[in-house]
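Have a look at the model first.

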Amino acid sequence: MSSATSDVVELILRDHRRMEELFRTLRSAEADRAAALREFSALLVAHSEAEEDEVYPALRRYKNVDGEDVEHGVHEHEEANEALLALLEVKDTMSEEWEEKLEALVAAVNHHVDEEERTLLNDTRENVADDRRTELGKAFLEARAKHLDADCGSVDHVRELVA
């Protein structure tokens, strides 16, 4: 996957792989877990909001892309945000509570990633033309950057999303 890709499916997959890398860091007692969590939180929220802003509304218009998968994705974003907030609110990154909240977040995100990759992204690859996937990719990147610039991963913003 080249770094210059604009295909929305490849961009989403790239974010998913980065989240998996960050989970490995978050699980490491030797790592700077607080810094990894800041990066993860910003990435997760920017990614989810960009999907909901730009990608999901476009995919709803394709008859061969299951609208229920899109709605389910939004619901799973909400669940991930709730799990993220629970982890963000734990102060001690070496505590048992932190480990438990991290594993709940990992489970929520991995479940969503697995389903999204098997259903929505495969449907998008099969049913959305290359040029349209490129357009969606550019819109996804723009929305994602806008959310990142707005400090979307802050605990206060995640609280607003969950409220």
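## Ground rules

This is a predicted model, where local features need pLDDT of at least 70 and side-chain atom pairs pLDDT 80 or more, while totals for chains, interfaces and linings use all residues. Numbering starts from 1 along each chain as its sequence is written, and side-chain values use heavy atoms, leaving out hydrogens and water.

## The annotated domain

An unreviewed UniProt entry puts "domain: Hemerythrin-like" on residues 8-121; such annotations may be inferred rather than shown by experiment. That span is 83% helix and 0% strand, and its end C-alpha atoms sit 9 Å apart. Helices here are DSSP runs (H or I, at least four residues) and strands are E runs of at least two, numbered from the N terminus.

## α3 against α4

Helix α3 (residues 67-88) packs on helix α4 (residues 96-127) at about 165°, axes 9 Å apart. Axes are lines fitted to C-alpha atoms over the stretch in contact, with angles from 0 to 180 degrees between N-to-C directions. That makes the pair roughly antiparallel (over 145 degrees).

By class, their contact has 13 nonpolar, six polar and five charged residues. Nonpolar means Ala, Val, Leu, Ile, Met, Phe, Trp, Tyr, Cys and Pro; charged means Asp, Glu, Lys and Arg; the others, Gly among them, are polar.

## α2 against α5

Helix α2 (residues 33-59) meets helix α5 (residues 130-149) at about 140°, with axes 8 Å apart. The two are therefore oblique.

On the α2 side, the contact (heavy atoms within 4.5 Å) includes His-47, Glu-51 and Leu-59, and on the α5 side Phe-140, Arg-144 and His-147 are among the partners. The contact's residues split into 12 nonpolar, two polar and seven charged.

Terms used. Parallel < 35°, antiparallel > 145°, perpendicular 65-115°, else oblique.
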